[in-house]
Amino acid sequence: VLNEFGFETNSEWDAAADRRKNALQVLDTLLDEGTPVHAFGVQAHLSAANFAGNFDADAYHQFLADLAARGVKIIISELDVLDDDLPADVAARDQAIAEATRLYLDTALQEPAVASVITFGLSDRYTWLQEDYPREDGEARRPLPFDDENLAPKPMFDALFGALENAPARDPLWIPPRAE
């Protein structure tokens, strides 16, 4: 599995289009050399602030189709959503995170080769983002489907569940053998 990040939106370091192009070149080189690559992991570390304005859904969909055309399964391997540049208000942040999640997954799950969606943790209580990248205003981060106090589902959970429920049917990544 080749696993990388930064394909959804531009960052302060590089353009998403360049990262997508470079990832395809690396994958092509590995496959041309006979390296067994069975899946491509996409670390979807999204940023909720103006995600809809920064996300080129058509280009991203094409990237996933290009990966699929190379015969690899696609794993959304580390889905979480940063809440930088959003207000401190929890309800507003949760709504923006849910909207980014919904838009992203509605796009990604249109590609049948996307075989799995894995969040980078389940609860805000244990997010790496709180420790490594705390919010400047000191508010707790809320990047995952369940809250940090009661492990209660948040709007992101509903967006995630809805996107999966509405996704086109696909072959499973692995089917366990049945005992006879």
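## Close-up views of a predicted model

**View 1. Seven rings gather in one aromatic cluster.** Phe7, Phe40, Phe51, Phe55, Tyr60, Phe63 and Tyr104 together make up a single aromatic cluster. The model shown here is predicted, and a search of it turns up twelve aromatic pairs. One of them joins phenylalanine 40 to phenylalanine 63 in an edge-to-face arrangement, with 6.1 Å between centres and 85 degrees between planes. This pair bridges distant parts of the chain, since phenylalanine 40 belongs to strand β2 (residues 39–43) and phenylalanine 63 to helix α3 (residues 57–69), 23 residues apart. Both phenylalanine 40 and phenylalanine 63 are buried. Phenylalanine 55 and tyrosine 60 make a tilted pair, at 5.5 Å centre to centre and 55 degrees between the planes. Here, too, are two buried residues: phenylalanine 55 and tyrosine 60.

View 2. Have a look at arginine 19, which sits over the face of phenylalanine 5, 4.6 Å from the ring centre. Arginine 19 also forms a salt bridge with glutamate 4, with 3.0 Å between the closest N and O atoms. Arginine 19 has a relative accessible area of 18%, so it counts as buried, while glutamate 4, at 30%, is partly exposed.

**View 3. A salt bridge links arginine 70 to aspartate 28.** The side chains of arginine 70 and aspartate 28 meet at 2.5 Å, N to O. These partners are 42 residues apart, and aspartate 28 lies in helix α1. Both ends are partly exposed: arginine 70 has a relative accessible area of 30%, and aspartate 28 has 25%.

View 4. The closest N and O atoms of arginine 135 and aspartate 83 are 3.8 Å apart in their salt bridge. Arginine 135 is in the loop between α5 (128–132) and α6 (155–166), and aspartate 83 is in the loop between β4 and α4 (90–108), so their bridge ties together parts 52 residues apart in sequence. Arginine 135 is buried at 7% relative accessibility, and aspartate 83 is buried at 1%. Through shared partners, salt bridges connect Asp83, Asp84, Arg93, Arg135, Asp137 and Arg141 into one network. For context, the whole structure holds ten salt bridges.

How values were computed: Residues are numbered from 1 along each chain as its sequence is written. This is a predicted model: local features need pLDDT of at least 70, side-chain atom pairs count only at pLDDT 80 or more; totals for chains, interfaces and linings use all residues. Side-chain values use heavy atoms; hydrogens and water are left out. Rings of Phe, Tyr and Trp (its six-membered ring) pair if their centres lie within 6.5 Å; planes under 30 degrees apart count as stacked, over 60 as edge-to-face and the rest as tilted. Helices (H or I, at least four residues) and strands (E, at least two) are DSSP runs, numbered from the N terminus. Buried means under 20% relative accessible area, exposed over 50%, partly exposed in between (1.4 Å probe, protein chains only). A charge sits over a ring if NZ of Lys or CZ of Arg is within 6 Å of the ring centre and within 35 degrees of the ring normal. A salt bridge is a side-chain nitrogen of Lys or Arg within 4 Å of a carboxyl oxygen of Asp or Glu.
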